[in-house]
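Subject: Handover of a protein structure

Dear colleague,

Please find below the structure that I am handing over to you. My notes on what was found in it follow directly after.

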Amino acid sequence: MNGRSALLGGLLLGALLPAQAQEWPGIRDGALYLRVPRDDSLQIDWQPAWQAEANAEHLYLQAGDGRLLARRDIAAGETHGRQRWALHRQDGDQRLEIPGYSFRRYRVRHADDTAALFEPVKLHFCAELPPGTRLYFRVLAGEHAVLAGKYHGGIEGLYAERPSDGRSLYLPLSRDGEYSQSDRLELPVSVEDQLWSLVLQGRGKAAFWLDGSANLFAQRPEHLFGPEFAPGNVGLELHDEVLGPTPKLGVALPYTPPEAPELLAKLAPRAASYYSFVDAMTRNPKREEQFRPLYLNSYGIHTDITLLSQSGRRPLLAADKMSRGGLKAWLDGIIALGGVGTHYLALADEPNLNYPDYASFAAYFAQMAPLVRTHPGAREAGVRLALPSSSRLINGPSLDGAAARRGLDWARQLLAEHGEWVDALSWHEWMVRDLRATGVYRDAVRQAAQLVGLDAHGRPRKALLLEQTNLSSGNSVSPYEQETGIAALWWASVAVNAAQDGLLELLDWFPATDNENHPKGMIGLAGDGRYVLKPVGEAMAFMQRHWQEQVLRLDNDAFEVDVLAMRTGRRVVLFGVNKVPRRQEVQLQGEPLATCSAQEAPRLHLLSATAQPGEGTLDCTGRPWRFSLPGETLFVLEWEAP
């Protein structure tokens, strides 16, 4: 069944539902707020949109105070399915999260008298909708609201009408422009609250949202309401048990000295990822001498990973004279560094995305890998071989036939065939854009550790390297994410989840600095030409100042607050992030807690998503310790353990 037939089938089924049912068809990325006047049930059905068989997904249902009421893990093999959940009035304004990028279409149904508000993701497409879809939204008095949209190959225009006086406006969605660009329409400001209707012109993929006003849409005007965010409660229990080392946090560095060296120093990366181009290295074997010694000696980055590619990051390599010459030049260059540091090498960039099939890459790998292990002096210089630097690990890449290209499967085959040559398992992780879905990173690290196995000390037998990550891959960049505090919250949450079990060695953001093709760095270019730290860069600097050496076991019962416990010697640090606007009340108990009468009392540092620093108030006069977290805030609680 093709996508259009599946959507029509879903609409016909919806037409047969009882009159008391309300339906939201085709959701791909967004949330529903649900206010129930009486107990109700929620039914969620899904069907494949594209490559569903290669991608596991998750659904989350939360109470009005942020508690996770239910979670549904959808295996890749569940291309079709159904989930029913009860909705109880005492749980307040509940929230159903359908994280994007989703490879399935979700149809949600509930009772007609349950008020529901759809919160679409901004810029990316949020749903596949039938023609003539009509929704309603409200703009409060004095708000400077902007209706925005983007053409993704489906919905091509937005009609907005104000029923109070019949005023109508039309926003056509242009088909040209960069992914990050959108079309915008300013709505008239009013001294009174105003109801608007929105009709979507066309059918299929839809991207529409509101700036300057609540980004919430209802199917009926009487269902519009303001969701209530009751304070959340977080219970933490700290244990004096070391799980392993914390990963080194880093960035992908440019192939030349940095354009903003003082800002890179502020980021203080402890790890790095590079590209080395075999064609350029063959022509000029010493071309990397201008930046590798600088990053190693001046910035103290002693752990790195390099991807072999061709100029312009053309990824398809063969075991030919050019590739062999480039590899030899790279190895000689690392040896010239004098044996300082650990230098991982991946023989190709995202082979599961870029090579025709597994056999093609495996044949190339089998010819190139022995050259690394037999090169005189390479091992002594810290050279280590990593594989396969896949595009995503658990799920498949964004490509037709992705089910046969999962990074985990390719890694398993390569390890079985050539495991004796391999020192590390490496991968890239993209498209986990939802702040509530970042637990996927912890799951990926655990599955990677399971694949390589653990030694007698509980350490992975091969180093685990998450060498590139960002909210989106390639140029599918949203300024709502990359330029705002969302990226700061996301990066903090990803780091906490990836580090949680002490199994990961390296975690790198891609890239360090904006460039023309990838405007998603931690360092950006301001309108006046100055380089500046974006909010995510400020978050990185805050994290690095407080990052410790070892991971401690920590039990955390919260869904919206991620926390990592660390220590170096007697110094204990809890680093965490409140990912949502809700205030959270935190209670901490456990073994290695200090007392307020200690010579150096515990301190609570805060950093808002917009990079505003502050100090919090900690009540440590008894057990448990107590403190409050403002919404959308990073925090550090530090003390000297007894």
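In which loop does Arg 392 lie? Arg 392 lies in the loop between β24 (383-391) and α8 (407-418). Helices (H or I, at least four residues) and strands (E, at least two) are DSSP runs, numbered from the N terminus.

Before going further, please note that this is a predicted model, in which local features need pLDDT of at least 70 and side-chain atom pairs count only at pLDDT 80 or more, while totals for chains, interfaces and linings use all residues. Residues are numbered from 1 along each chain as its sequence is written, and side-chain values use heavy atoms, with hydrogens and water left out.

The chain as a whole

The protein chain contains 12 helices and 38 strands. Its C-alpha trace spans about 80 × 65 × 50 Å along the principal axes. The radius of gyration of the protein chain is 26 Å, which agrees with the value near 26 Å for a compact globule of 642 residues; this radius is taken over C-alpha atoms, and the globule rule is 2.2 Å times the number of residues to the power 0.38.

Of the 642 residues, 58% are buried. Buried means under 20% relative accessible area, exposed over 50%, and partly exposed in between (1.4 Å probe, protein chains only). Contact means heavy atoms within 4.5 Å. Among contacts between residues at least 6 apart in sequence, 78% join residues at least 24 apart.

Backbone details

Most residues other than glycine have a negative phi, and most peptide bonds are trans. Arg 392, which is not a glycine, has a positive phi of about 70°, and Arg 392 is buried at a relative accessible area of 5%. Met 431 also is not a glycine and has a positive phi of about 70°. Met 431 is found in the loop between β25 (424-429) and α9 (439-452), and it counts as buried at 10% relative accessibility.

Two cis peptide bonds should be noted here. One runs from Gly 100 to Tyr 101, with omega near 5°, and Tyr 101 lies in the loop between β7 (94-98) and β8 (104-111). Another joins Phe 510 and Pro 511, with omega of about -10°, and Pro 511 is placed in the loop between β27 (506-509) and β28 (523-525).

Gly 157 belongs to strand β13 (residues 157-162) and is buried, with a relative accessible area of 0%. Gly 157 and Gln 201 are 44 residues apart in sequence, yet 4.9 Å apart in space, C-alpha to C-alpha. Leaving aside neighbours within four places in sequence, the contacts of Gly 157 include Tyr 170, Pro 172 and Val 199.

Pro 247 sits in the loop between β19 (232-245) and β20 (248-252) and counts as buried at 1% relative accessibility. With neighbours within four places in sequence left aside, Pro 247 is in contact with residues including Ala 499, Leu 504 and Trp 547.

Helix α11 (residues 485-499) has 15 residues and reaches 21 Å from its first C-alpha to its last, close to the expected 21 Å; the expected span is 1.5 Å times one less than the number of residues. Helix α11 is mostly covered, with 14 of its 15 residues buried.

Yours sincerely
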